[in-house]
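Me: I have a structure open and a few quick questions about it. Can we go through them one at a time?

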Amino acid sequence: MEIGIANDIPTYSGGLGVLAGDTLKSGADLKLPMVAVTLLSRKGYFTQDINDNGRQIETPTKWEPSKYMTLLPEKVYVQIEGRDVAVQAWLYIVKSLTSGCIPILFLDTDVAGNNPGDREITSYLYGGDQIYRLKQEVVLGIGGMRMLHELGFEIKKYHMNEGHASLLTLELLIRYKRAIEDVWDERLVWDVDRVKDICVFTTHTPIEAGHDQFSYDLVLQTMGELIPLNVLRDLGGKDSLNMTRLALNLSEFVNGVAKKHGEVSKNMFPGYEISAITNGVHSFTWTCDSLKKLYDKYLPGWANEPELFVRVGRIPDDELWAAHMETKKALIDFVNTETGVGMDYDTLTIGFARRATAYKRPDLIFRNMETIERIASGKIQLIYSGKAHPRDENGKWLIEKIHAIKERLKGKIKMAYIRNYDMDKALKIISGVDVWLNTPLRPREASGTSGMKAAHNGVMNFSILDGWWIEGHIEGFTGWSIGPSPTESTLSADIETMDRRDADDLYNKLENIIIPMYYHDRRTWIRMMQNAIGKNAYYFNSHRMMRRYVTEAYIR
Ligand SMILES: *Cc1c(COP(=O)(O)O)cnc(C)c1O
């Protein structure tokens, strides 16, 4: 549904889309024969402003596709509510310095001849209601397949990135329908095994509510009976069409995006074989300029061979620190210009930026105001950023809460909330802080990728043991954990208890380990920065991830 390939192409909302973009960048670097399909999102996700009360204000994002991509003349049609809706594609090519390249097709229904409502189907990423979402998924899954066919692509494997694209399996079922007459069971007409053979599915969501479900009434009304309803119910769920279940039933290879997430998914969908391929980030994209220069000098070739990070010890301590300070200063200057909060270069700076939503607990560090004031006044400064989904009232309220706390802590802890989080700001903030804080409620962080970006920049992770951090964390070596180990059963504990335990641990480590080390043991700090690069960036990059998709999912 979303691909974040460049900052100015606002067809992404967050981690899922940016991961898709990183996937394609690594695919191009590795010269993999791939083509990607997504929606144009002509009005983007939204542009975020925040008023004086900390209230988020959303406006459609204006951008001009023709500046970045080319509209192809081919038209395909999908049936929506009985109408033939025309779909066109904008072509963007991901080009790598290795000369590899991957086309992306951005599907667009804003085509002359379509009725005004249908022209808006590809306008808003994650906008509208259930009906709008299903129409988008028809365009993506079925329209996408027809466009690939129309353009003459011959596809050996279809990789569905999240369940949003699962309707493509129906188009495949129709394509490979067996020509048997007089079958005693109509279901034999549908060659499920053949479709399974060529489909790969990656799930990204560790909670039930995160999976798209549509009532069959809505399905019939929107897309008609593409395949007989009884067959669809066999494949997509008895009571409603569950896009994840549809993809699970029609994919030979299924994976979660971190080891733990693979386990969680297995429990959520018993009876399916679910593997795990832990996410990675595109090293070249997510390394700041000052460190890029340093890596070029000491680890030439690192961008296309992130394994070279294993030799990070070649970089002299003082040069690593100087490169970090260069980026940190640029960030502090940026924050001061944006907000006038007057941050300084030498204070331990902690960053927290990602989608604003309840389970990510951006306010956990303020659970006990007296404690945070006591241990951190004058010793830390905090930089926040992140958008809340327009219908996520809790998420919006959290942004307001952070703003209120910022006022309350004035003169004690300097805080800033940077508006309109995007890929450029992500790199700026993540690479320029000293510590990257992540406090999700277990086990809801399927993977998380921003911490991997931090590691690429020698920024220390201080995080709940969930998602990728369970695999990347070595205490006091690559960063620090918050809260209990993931093996400890947390399902039985209530949220209150978990919040308290996690916050207590956060305070304890901040006061007794992190703040003292930052100010009084720079040598150990720099050693840890090296470990983050040599152990975490070395592994949690999308080159490694793509090699695994190829060997474990695509060519098996
Ligand atoms: C990497 C990235 C994310 C993902 O952040 P998480 O902390 O992993 O959720 C979200 N938004 C943008 C713009 C990003 O670049």
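Me: Why does the second largest pocket lie between domain 1 and domain 2?
Reply: In this predicted model, domain 1 (1–51 + 58–130 + 138–154) and domain 2 (156–282 + 542–556) both give residues to the pocket's lining, so the pocket lies between them.

Me: What volume does the second largest pocket have?
Reply: About 1100 Å³. Its lining is made up of 39 residues, and those closest to the centre are Met34, Val35, Lys157, Tyr158 and His159.

Me: And which elements give two or more residues to that lining?
Reply: The helices α1, α3 (130–150) and α19 (542–554) do, along with the strands β1 (36–39) and β8 (158–161).

Me: How do the residues of that lining divide into nonpolar, polar and charged?
Reply: There are 26 nonpolar residues, nine polar and four charged.

Me: OK, the ligand now. How many residues surround the ligand?
Reply: The ligand is surrounded by 14 residues. Arg354, Lys360, Thr449, Ser450 and Lys453 are the closest.

Me: How do the residues in that shell divide up?
Reply: Five are nonpolar, five are polar and four are charged.

Me: Which domains does the shell draw at least three residues from?
Reply: Domain 1 and domain 3 (317–533) each supply at least three. By element, at least two shell residues come from each of α1 (15–29), α14 (423–432) and α15 (450–456). Helix α1 also gives two or more residues to the lining of the second largest pocket.

Me: What lies 2.7 Å from an oxygen atom of the ligand?
Reply: A polar side-chain atom of Lys360 does. A backbone N or O atom of Thr449 is also 2.7 Å from a ligand oxygen. For Lys453, a polar side-chain atom is 2.6 Å from an oxygen atom of the ligand.

Me: How much of the ligand's accessible area does the protein cover?
Reply: The ligand has 390 Å² of accessible area on its own, and the protein covers 95% of that.

Me: Switching to the backbone. Is the peptide bond from Arg442 to Pro443 cis or trans?
Reply: That bond is cis, with omega near -5°. Pro443 sits in the loop between β17 (435–438) and α15.

Me: Last one: is phi of Ser99 positive or negative?
Reply: Positive, near 85°, and Ser99 is a residue other than glycine. Ser99 is in the loop that runs between β6 (83–95) and β7 (101–108).

Definitions and conventions:
Residues are numbered from 1 along each chain as its sequence is written. This is a predicted model: local features need pLDDT of at least 70, side-chain atom pairs count only at pLDDT 80 or more; totals for chains, interfaces and linings use all residues. Side-chain values use heavy atoms; hydrogens and water are left out. A residue is near a molecule or strand if one of its heavy atoms lies within 4 Å of it. A polar contact is a pair of N or O atoms within 3.5 Å; within protein, one must be able to donate a hydrogen and the other to accept it, and residues adjacent in sequence count only if both atoms are side-chain atoms. Accessible areas come from the Shrake-Rupley method with a 1.4 Å probe; for residues, only the protein chains shown count as cover. Helices (H or I, at least four residues) and strands (E, at least two) are DSSP runs, numbered from the N terminus. Ala, Val, Leu, Ile, Met, Phe, Trp, Tyr, Cys and Pro count as nonpolar, Asp, Glu, Lys and Arg as charged, and the others, Gly among them, as polar. Domain bounds come from an automatic or database domain assignment. On a 1 Å grid over the protein atoms alone, a cavity is a set of points where a 1.4 Å probe fits but cannot get out, and a pocket is an open set with protein on both sides within 12 Å along at least five of seven lines; lining residues have an atom within 4 Å of a point. Grid points are joined across faces, edges and corners, and a volume is the space filled by probe spheres set on the points.
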